Amino acid sequence: MATRTKAADNKHLREPKTKKLRGKIPRIEVKRAESFRSDNPEGKRKLLNLWRSVTHTPLFNYQMLWFLIIALAVIGLMMQFSASVILELSAGTNPYWGVARPLLIMAVGFAAMVFISRLPADIFEKVALPVVFPLAIAAQLAVFTPLGRGQGGNRNWVYIPGINQVLQPSEFLKVAFILLLVTVFSTGKCRIDSLGDLFKWVGLPFIIIVATVMAGHDMGTLLVFVSILLCVLLIAGISLRWLGIGLGLLSV
């Protein structure tokens, strides 16, 4: 009886502490990243399995992407300096002037990259379809206005008054196209095994891109868009049979 009373007293002493701790300990919820709706249950899509095996390794992370971006930027800056230093010396100007503007553009780009990387992912899902892609198409059409500039038979540049600078709108269109594809697949709007969904959410935007880019006779940029489309479809887990049919139609 004494033992039972002592146990009851101990329980009575522990309860207030437990309740007190429960009120202070915050509830932590860990949300797992949602994968594409194509779960590949039968394991038949080998390329999708290969991609997941590579991206799930510790080496494949944002630190590696940062390293690659910085390395490519530095290599590009060195090539720019190598190409411009002789011209600047011949003109009797500062040999480093040729890399001053690219270095400034690089700094602005890195600042924008850091800012955008801190934004929540759901923001991109909300603005990719109704805002980013239409604006990118409108910017691409600006090459056919009086502000458009052409070189070597390609009309794919836009002059920005006031800063004496030209931009290539297709570079922004590439990012917008990637955001569109990732959004429609990750949110389930486009099912990878539905031809109707693929034509609506992937085919029609791609046709618009082909029309606007090829109107400026820029075949090289179009091939980049084809590469983007193929990579995203492979990661999403498209059937190789459908991919072969699409490549056949595209080649025609």
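Helices here are DSSP runs of H or I with at least four residues, numbered from the N terminus. The model under discussion is predicted.

1. Position of T183. This residue lies in helix α6, which spans residues 169-186. T183 has a relative accessible area of 4%; because buried means under 20%, T183 counts as buried. Leaving out residues up to four places away in sequence, T183 touches F124, E125 and A128.

2. Packing of α5 against α7. Helix α5 (residues 121-141) and helix α7 (residues 195-214) have axes that come within 9 Å and cross at roughly 20 degrees. Angles under 35 degrees count as roughly parallel, and α5 is therefore roughly parallel to α7. The crossing of α5 past α7 is left-handed. On the α5 side, the contact is formed by L129, F133, I137, Q140 and L141; α7 contributes W201, P205, I208, I209, T212 and V213. Classified by residue type, this contact of α5 with α7 comprises nine nonpolar and two polar residues, with no charged ones.

3. Packing of α6 against α7. The axes of α6 and α7 are 10 Å apart, and the two helices pack at an angle of about 175 degrees. Since angles over 145 degrees count as roughly antiparallel, α6 and α7 are roughly antiparallel to each other. From α6, the residues in contact are L173, F177, L180, L181, V184 and F185. From α7, they are L198, W201, V202, P205, F206, I209, T212 and V213. The contact of α6 with α7 holds 13 nonpolar residues, one polar residue and no charged residue.

4. The largest nonpolar core. Which residues touch the most other members of this core? Among its 28 residues, they are F133, L173, F177, L181, F185, L198 and I209. At least two residues of the core come from each of α5, α6, α7, α8 (219-236) and α9 (240-251). The most is given by α8, with eight residues.

5. Surroundings of L198. This residue is one of those that touch the most other members of the largest nonpolar core, and L198 also takes part in the contact of α6 with α7. Neighbours within four places in sequence aside, L198 is in contact with F185, C190, R191, I192, G203, L233, I238 and W242.

How values were computed. Residues are numbered from 1 along each chain as its sequence is written. This is a predicted model: local features need pLDDT of at least 70, side-chain atom pairs count only at pLDDT 80 or more; totals for chains, interfaces and linings use all residues. Side-chain values use heavy atoms; hydrogens and water are left out. Buried means under 20% relative accessible area, exposed over 50%, partly exposed in between (1.4 Å probe, protein chains only). Contact means heavy atoms within 4.5 Å. Axes are lines fitted to C-alpha atoms, for helices over the stretch in contact, and angles run from 0 to 180 degrees between N-to-C directions. Angles under 35 degrees count as roughly parallel, over 145 as roughly antiparallel, 65 to 115 as roughly perpendicular and the rest as oblique. A crossing is left-handed if the near helix is turned anticlockwise from the far one by less than a right angle, and right-handed if clockwise. Ala, Val, Leu, Ile, Met, Phe, Trp, Tyr, Cys and Pro count as nonpolar, Asp, Glu, Lys and Arg as charged, and the others, Gly among them, as polar. A nonpolar core is a set of buried Ala, Val, Leu, Ile, Met, Phe, Trp, Tyr and Cys residues joined through side-chain atoms within 4.5 Å.
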